[in-house]
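Please read them with the structure open alongside.

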Amino acid sequence: MPSHLRILGCSGGIGKNLRTTSLLLDDDVLIDAGTGVGDLSLDQMVKIDTIFLTHSHLDHIVSVPLLIDSVGARRDKPICVFGLPATIAALQQHIFNNVIWPDFSKIPSAERPFLKLFTLNLGDVLTVGTRQITVLPASHSVAAVGYAITTEQSTLAFTGDSGPCPAFWDALQTLPGLKHLIIETSFTDKDHVLADLSSHYCPLSLSQSFQPIDPAVQLWISHLKPGQAEQIMSELNRSERLAKKAPKALIAGQVLVF
Ligand SMILES: [Zn+2]
Ligand SMILES: [Zn+2]
């Protein structure tokens with residue numbers, strides 16, 4: 001059976017119809033938990049068992065504490081949240097610290113909590129039902145990873161938030177049957193200094209980093225800054241290397257099948 005990745009949010013910011021990064025895999029796994037999670041019904045939210053976080057930035061984690069508070073008591077098992085050790089430590093220290101939000105890893109009891117936190121490492125491959133999740137390298141201003149999801153049919157890969165990262169492109173070569181590749185491009189070329197400073201891509205740095213991939217792979221662009229999406233996409237399509245790949249802007253509500 002193919003898997004479905006529903007794009008709940010993929011913007012670099014908020015605004016009318018814009019949601020931050022959150023991707024729903026089938027009905028039970030979230031990749032990041034940005035503001036897009038808030039569009040799900042309670043019944044849909046209850047079904048989420050596992051969350052894989054790319055990094056600790058607010059636009060990717062903001063719905064973790066709110067989701068757990070909304071559905072924890074309706075579930076019969078904890079929501080399991082996975083991330084790098086630094087990401088999990090940041091959640092414990094800065095979110096579930098009984099100041100910003102209650103420590104749901106001990107509520108209602110330490111034996112049967114609403115939330116369980118787990119660490120993962122680069123290169124790990126985790127099996128979740130029929131899907132394999134591979135932890136991919138990323139290069140960002142905090143510890144960060146990307147993820148690949150492999151089904152019996154094919155693979156979808158996602159950079160998370162990242163600037164140029166040669167190891168990501170090396171890792172892509174090892175994935176079986178790559179069908180969809182989601183790459184962030186946060187800034188226009190005019191803001192290339194900001195892109196470099198914050199370890200995000202702009203069209204120029206993406207075209208310089210881009211490594212050849214199978215022509216059949218569909219390239220999707222995410223994390224576009226609000227109000228700059230058209231400009232970023234037109235700059236990407238002006239790059240000879242990237243235009244060949246016909247990159248498309250990812251939009252909330254879209255479903256990728258693989
Ligand atoms: Zn970030
Ligand atoms: Zn982000």
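This is a predicted model: local features need pLDDT of at least 70, side-chain atom pairs count only at pLDDT 80 or more; totals for chains, interfaces and linings use all residues.

1. Strand E7 runs antiparallel to strand E8 (residues 131–137), to which it is joined by 4 bridges, and Thr 127 has Gln 132 of E8 as its bridge partner. The two strands form a hairpin with 2 residues between them, and in the turn Gly 129 has a positive phi of about 65°.

2. On its way through the sheet, E8 is also joined to strand E9 (residues 145–150) by 6 bridges, again in an antiparallel arrangement, with Pro 137 standing opposite Val 145 of E9.

3. The open sheet consists of 7 strands in the order E7-E8-E9-E10-E11-E12-E13, with mixed pairing. E7 and strand E13 (248–249) stand at its edges and have a single partner strand each, so one side of each is left without a neighbour in the sheet.

4. The largest pocket holds about 210 Å³ of space. Of its 17 lining residues, Ser 11, Leu 18, Leu 224, Ala 229 and Leu 250 are the closest to its centre, and the lining divides into 10 nonpolar, 5 polar and 2 charged residues.

5. The second largest pocket, with about 160 Å³ of space, is lined by residues including Met 1, His 4, Asp 26, Thr 130, Arg 131 and Glu 152; by class, its lining has 2 nonpolar, 4 polar and 3 charged residues.

Definitions and conventions
Residues are numbered from 1 along each chain as its sequence is written. Chains are lettered from A and ligands numbered from 1 in the order in which they are written. Side-chain values use heavy atoms; hydrogens and water are left out. Two strands pair if DSSP finds at least two bridges between them. On a 1 Å grid over the protein atoms alone, a cavity is a set of points where a 1.4 Å probe fits but cannot get out, and a pocket is an open set with protein on both sides within 12 Å along at least five of seven lines; lining residues have an atom within 4 Å of a point. Grid points are joined across faces, edges and corners, and a volume is the space filled by probe spheres set on the points. Ala, Val, Leu, Ile, Met, Phe, Trp, Tyr, Cys and Pro count as nonpolar, Asp, Glu, Lys and Arg as charged, and the others, Gly among them, as polar.
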